[in-house]
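This report walks through the fold, the core and a few individual residues. The chain is shown first.

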Amino acid sequence: MAFPHRDSVQRAVDLLGVLLAPSPEPAVVAQVLRAHGEPDVSLSSSDVSELRAAARELREVFAARDAASAASVLNGLFAAYAGPPRLTDHEDGYGWHLHIDSADDGPWGAWLVTSSALGLASLLAERQGPPGGLCASPACGKPFAHTGGGSPRRYCSPRCATRERVAAHRARG
């Protein structure tokens with residue numbers, strides 16, 4: 001079965017990658033949003049601050065050590081941010097999809113938390129395990145999602161995994 005919320009989870013991972021970095025520029029954050037299908041994005045510094053606060057909250061889902069801990073964080077986010085589920089197509093033919101934020105034109109931070117939490121919760125329920133993790137490389141620590149099959153990942157990318165294997169090999173030799 002294909003994971004239906006893969007896009008929202010990947011968008012969350014990509015946004016957290018830029019939002020958790022020191023001093024993200026609004027143009028860079030907007031570029032990530034546009035790459036994930038958000039049309040006509042123009043962000044102020046205040047918008048980016050709001051998105052950064054939301055990203056810090058979402059990071060805790062990725063930092064959870066097990067499914068129960070991740071579920072607890074997600075349930076807290078739902079309690080704080082989610083409203084009743086509703087279907088929307090944004091009145092522009094975007095296609096019907098589920099939202100749990102309060103309005104199509106609501107605050108950026110609430111949108112990021114609710115849309116990401118919905119996707120991450122669906123992934124947790126499907127996998128019956130944590131929906132992601134934080135890169136085990138001490139030089140990285142970026143969030144990543146467990147969207148594929150197989151063993152749980154420890155690194156955000158093959159690049160980080162290779163860098164750590166090489167460092168471990170050199171340390172032994």
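A residue counts as exposed when its relative accessible area is over 50%, as buried when that area is under 20%, and as partly exposed in between. By this rule Gln128, at 64% relative accessibility, is exposed. The structure discussed here is a predicted model.

## Overall fold

The protein contains six helices and four strands. Read from the N terminus, the order of elements is α-α-α-α-β-β-α-β-β-α. The C-alpha trace spans about 60 × 35 × 25 Å along its principal axes.

A compact globule of 173 residues would have a radius of gyration near 16 Å, and the 17 Å of this protein agrees with that. Of the 173 residues, 38% are buried. When contacts between residues at least 6 apart in sequence are considered, 49% of them join residues at least 24 apart.

## The nonpolar core

The largest nonpolar core has 31 residues, and the members that touch the most others are Leu15, Leu19, Val29, Leu33, Leu43, Leu112 and Leu120. At least two residues of this core come from each of helix 1 (6–19), helix 2 (26–35), helix 3 (45–63), helix 4 (67–81) and helix 5 (108–127).

Leu33 gives a view of the surroundings of one such member. Apart from its neighbours within four places in sequence, Leu33 is in contact with Leu15, Leu43 and Val41, and also with Glu38, Trp108 and Trp111.

## Helix 1

Helix 1 has 14 residues, which at 1.5 Å a residue should span 20 Å; the C-alpha atoms at its ends are 20 Å apart, in agreement. The buried residues of this helix are Ser8, Val9, Arg11, Ala12, Val13, Leu15, Leu16, Val18 and Leu19. The buried residues of helix 1 pack against helix 2, helix 3, helix 5 and strand 4.

## The tryptophan pair

How many aromatic pairs does a search of the whole structure find? It finds one. The ring centres of Trp108 and Trp111 are 5.4 Å apart and the ring planes meet at 85 degrees, so the pair is edge-to-face. The two residues are three places apart in helix 5, which separates them by about one helical turn. An α-helix has 3.6 residues a turn, so residues three or four places apart point the same way. Trp111 is buried, at 11% relative accessible area. Both tryptophans are among the contacts of Leu33.

## Cysteines without disulfides

A search of the whole structure finds zero disulfides. A disulfide is a covalent bond between the sulfur atoms of two cysteines. The count used here requires the two sulfur atoms to be within 2.5 Å. For Cys140 the closest cysteine sulfur is that of Cys156, at 3.6 Å, which is too far for a bond. Cys160 is likewise in no disulfide, and its nearest cysteine sulfur, also in Cys156, is 3.8 Å away.

Are Cys140 and Cys160 buried or partly exposed? Cys140 is partly exposed, at 27% relative accessibility, whereas Cys160 is buried, at 5%.

Ser137 is buried, at 2% relative accessibility.

## Loop residues with positive phi

Most residues other than glycine have a negative phi. Asp40 has a positive phi of about 50 degrees although it is not a glycine. Asp40 sits in the loop between helix 2 and helix 3, and is exposed, with a relative accessible area of 77%.

Gln128 is another non-glycine residue with a positive phi, of about 60 degrees.

## Asp89

Asp89 lies in the loop between strand 1 (86–88) and strand 2 (97–99). At 18% relative accessibility, Asp89 counts as buried. Beyond the residues up to four places away in sequence, Asp89 touches Tyr94, Gly95 and Trp96. Asp89 and Asp104 are 15 residues apart in sequence, and their C-alpha atoms are 9.1 Å apart in space.

How values were computed: Residues numbered from 1 in each chain as written. Predicted model: local features only at pLDDT ≥ 70, side-chain atom pairs only at ≥ 80, totals over all residues. Heavy atoms only, no water. Core = buried A, V, L, I, M, F, W, Y, C linked by side-chain atoms within 4.5 Å. Buried < 20%, exposed > 50% of the residue type's maximum accessible area, 1.4 Å probe, protein only. Contact = heavy atoms within 4.5 Å. Phe/Tyr/Trp six-rings, centres within 6.5 Å; stacked < 30°, edge-to-face > 60°. Expected span 1.5 Å × (residues − 1). Rg over C-alpha atoms; globule rule 2.2 N^0.38 Å.
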